[in-house]
Amino acid sequence: MRLFHNVSEPEAFFRPDIWHCYHGGAGKLFVASALAEALALFDGSMDNRVEQMAEALRTWAKKPGNQLPHSGQFCKERIQLTSYQVLPDASWSKFNDTYVYHRFLEWLLMENLEQVSDNETLKTILDATRCINRSFKILYQSGLFLTSAEALEAGQLGRAFLRL
């Protein structure tokens, strides 16, 4: 069987395109689960909470520099949330939506910081989201080649995200 990575250097597999590897893989799973957990910020039935989150997303998207996800409005189907006992899974195919949802999630949690502070899971999600958002901000805003300082900070933030 031909392996598509160097066994002695498996991390080299991810070098070509961290954006697609993260935003189309682990990032989608993280943000789907994080959004499901963030429903705890709202009151009512699952449907009411989802609608309140959708309204929060619309409010956030109206702010300068923000946008709605390409996949459309937030709904249960967007994260395949059939019940609170089912592992959420992102349903979008436009990987930039992962980036959009990460930015929205950080804003949502910061807007509700008092509630978040009382919930260990949401605090951890906020910390992890802030780390990964900052890491990708460095990658998006840097030139073709990162300075040593940029690479170190982006790497440390990425590792912090994984630890969280």
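Tutor: Start with a definition. A pocket is an open set of grid points with protein on both sides within 12 Å along at least five of seven lines, and lining residues have an atom within 4 Å of a point. Bear in mind that this is a predicted model.

Student: Which residues line the second largest pocket?
Tutor: The lining consists of Y99, R103, E106, R130, N133, R134 and K137. With four residues, α5 gives the most. The space in this pocket is about 160 Å³.

Student: What makes the lining residues charged, polar or nonpolar?
Tutor: The residue type decides. Asp, Glu, Lys and Arg count as charged, and Tyr counts as nonpolar. The lining splits into five charged, one polar and one nonpolar.

Student: Why is the pair of Y22 and F161 called edge-to-face?
Tutor: Two tests apply. Ring centres must lie within 6.5 Å, and planes over 60 degrees apart count as edge-to-face. Y22 and F161 are 5.7 Å centre to centre, with 80° between the planes. Both tests are passed, so the pair is edge-to-face.

Student: What does the pair of Y22 and F161 tie together?
Tutor: Y22 sits in helix α1 (residues 18–38) and F161 in helix α6 (residues 148–163), so the pair ties together parts 139 residues apart in sequence. Y22 and F161 are both buried. The structure has nine aromatic pairs. Ring pairs also join Y22, F30, Y99, F136, Y140 and F161 into a cluster.

Student: How do you know that R163 is exposed rather than buried?
Tutor: Exposed means over 50% relative accessible area. R163 has 64% relative accessibility, so R163 counts as exposed. Its place is in helix α6. Between the C-alpha atoms of R163 and S117 there are 19 Å, though these residues are 46 apart along the chain.

Student: What makes a set of residues a nonpolar core?
Tutor: The members must be buried, of nonpolar types such as Leu, Met and Phe, and joined through side-chain atoms within 4.5 Å. The largest nonpolar core has 45 residues. L35, M53, F74, F104, L108 and L109 touch the most other members. Elements α1, α2 (46–61), α3, α5 and α6 give two or more residues each. Again α5 leads, giving the most to this core with nine residues.

Student: Which residues are in contact with L108?
Tutor: Leaving aside neighbours within four places in sequence, L108 is in contact with A38, L41, F42, M53 and A56.

Note on methods
Residues numbered from 1 in each chain as written. Predicted model: local features only at pLDDT ≥ 70, side-chain atom pairs only at ≥ 80, totals over all residues. Heavy atoms only, no water. 1 Å grid on protein atoms, 1.4 Å probe; cavity = no way out; pocket = protein on both sides within 12 Å on 5 of 7 lines; lining within 4 Å. Points joined across faces, edges and corners; volume = space filled by probe spheres on them. Phe/Tyr/Trp six-rings, centres within 6.5 Å; stacked < 30°, edge-to-face > 60°. Buried < 20%, exposed > 50% of the residue type's maximum accessible area, 1.4 Å probe, protein only. Contact = heavy atoms within 4.5 Å.
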